[in-house]
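Please work through each task before reading its solution.

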Amino acid sequence: MYTTDLRTKEQKSKDQQAEIAPVTGDDVAFQARIDADEFIEPKDFMPDAYRQTLIRQIAQHAHSEIVGMLPEGNWVTRAPSLRRKLILIAKIQDEAGHGLYLYSAAETLGVSRDELVQQLHEGKAKYSTIFNYPSLNWADIGAIGWLVDGAAITNQIPLCRTSYGPYARAMVRVCKEESFHQRQGYELMMAMANGSEAQKAMAQDALNRWWWPSLMMFGPPDADSTHTAQSMAWKIKRFTNDELRQRFIDATVPQAEALGLAIPDPDLKWNEAENRYDFGEIDWTEFWSVVRGKGLCARDRVSERVRAYDEGAWVREAAEAYSQKQNKTANVA
Amino acid sequence: MSSNTWNLFEVFIRSKNGMSHKHVGSVHAADHKMAIENARDLYTRRGEGTSIWVIQSKDIVASDPGEAAALFEPAVDKVYRHPTFYDIPKDVPNI
């Protein structure tokens, strides 16, 4: 659904120390290819830090897609109509697909999907902070599609031109499918905002709760994002966190106005001179505490993943046993 | 967590008859039949395909990017293999 750099400042500076390696002729040639807007493909030379940065980012992105199914799966059985239920199931299936495209891209870098999944299950891997917020009522499903997927699209469109070929190609597929997610969410919000007073109040309440966490999806402010410069030089990232956040706000405010809902930010106002919206201070203390696993649903999300994985073990084992039996029969014949 | 011994398969999809199969990504599966089914679920949810090929990733042999020059540069200076290399007077028809 989206990705950002979620490491703490301390972790980042530690990683940066580790990433300072002697610059070789290969590194210079590599940077020249990046500067010429060439795509890097799996078997090409790449500096180890580039490979590790990509593995971390793509895996975190994949985990976010997988964990992102949980807040929505929560509402499948309580969807208010068959139409809404079909839409929600299709969206959740897409999220699973996005996770798999991304694991597939990560595997081209020499890491196995099993290793990545294991890191998630052991709590060693991060995923988007947004999924540690609870989806309390049906309006949240609309707000998630509109805002969370909207923020994801803003983040992901530039990733279609990221310098690593398999990641860029996975993102092209993801972006093609993501637009449906945002539009179905917005349509759901429209239905509620134009419904009874109680329904409109639910829509406003969902916007109030999801607005600020959605802005945090773009990651810490540029001033605190020490890793951005290297990722930009490698063209893994094409725009900074703050640039993307601004783009999302400018695109979304008129959509809220069309719904007749109020953005929960008293400082939000149009800045004529800069041709953009000014907005209020983001509570970064909350962001960092969610990153450190203090989100309301943090423990549930991972334990739910582990449970699903463990309960599906017999299916994987049966398929494996069947495949071995078929091979044996074929060898005898 | 149990170790997963499923194989990795590369997936190729024919978007419609008349087009060739094109690489789209990979899937994990216990066998070829499951690889086709997983590829169907993963890569053709919106009618993107009419035919699927899968092949185990380990069975693909790829050229080495380090040898790209040796492999592909000999073609670069053979301009006479292109029709535009030849000057034909404009008034000669049908050529």
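**Exercise 1.** Determine how many bridges join E1(B) to E2(B), and derive the order of the strands in the open sheet of chain B.

*Solution.* Step 1: E1(B) and E2(B) run antiparallel and are joined by seven bridges; strands are DSSP runs of at least two residues (E), helices runs of at least four (H or I), both numbered from the N terminus. Within this pair, B:Leu8 has B:His28 of E2(B) as its bridge partner.

Step 1: Strand E1 (residues 7–14) of chain B is also joined to E3(B), by six bridges and again antiparallel. Here B:Glu10 stands opposite B:Ile55 of E3(B).

Step 2: Two strands pair if DSSP finds at least two bridges between them. The three strands form an open sheet with the order E2-E1-E3 (chain B) and antiparallel pairing. Its edge strands, each pairing on one side only, are strand E2 (22–29) and strand E3 (51–56) of chain B. On average, neighbouring strands of this sheet are turned by 30° against each other, direction ignored.

Step 3: Helix H1 (residues 32–43) of chain B lies across E1, E2 and E3 of chain B, and runs at about 120° to E2(B).

The model is predicted: local features need pLDDT of at least 70 and side-chain atom pairs count only at pLDDT 80 or more, whereas totals for chains, interfaces and linings use all residues. Residues are numbered from 1 along each chain as its sequence is written, chains are lettered from A and ligands numbered from 1 in the order in which they are written, and side-chain values use heavy atoms, with hydrogens and water left out.

**Exercise 2.** Describe the packing of H9 and H11 of chain A by the crossing of their axes and by the residues that make the contact.

*Solution.* Step 1: The axes of helix H9 (residues 197–216) and helix H11 (residues 241–259) of chain A come within 9 Å and cross at roughly 145°. Axes are lines fitted to C-alpha atoms, for helices over the stretch in contact, and angles run from 0 to 180 degrees between N-to-C directions.

Step 1: H9(A) contributes A:Trp211, A:Ser214, A:Leu215 and A:Met216, and H11(A) contributes A:Arg245, A:Phe248, A:Ile249 and A:Thr252; contact means heavy atoms within 4.5 Å. Five of these residues are nonpolar, two polar and one charged.

**Exercise 3.** Is A:Thr240 buried or exposed?

*Solution.* Step 1: A:Thr240 is found in the loop between helix H10 (228–233) and H11 of chain A. Its relative accessibility is 12%, so A:Thr240 counts as buried.

Step 1: Leaving aside neighbours within four places in sequence, A:Thr240 is in contact with A:Asp222, A:Thr228 and A:Met232.

Key
Nonpolar A, V, L, I, M, F, W, Y, C, P; charged D, E, K, R; others polar. Buried < 20%, exposed > 50% of the residue type's maximum accessible area, 1.4 Å probe, protein only.
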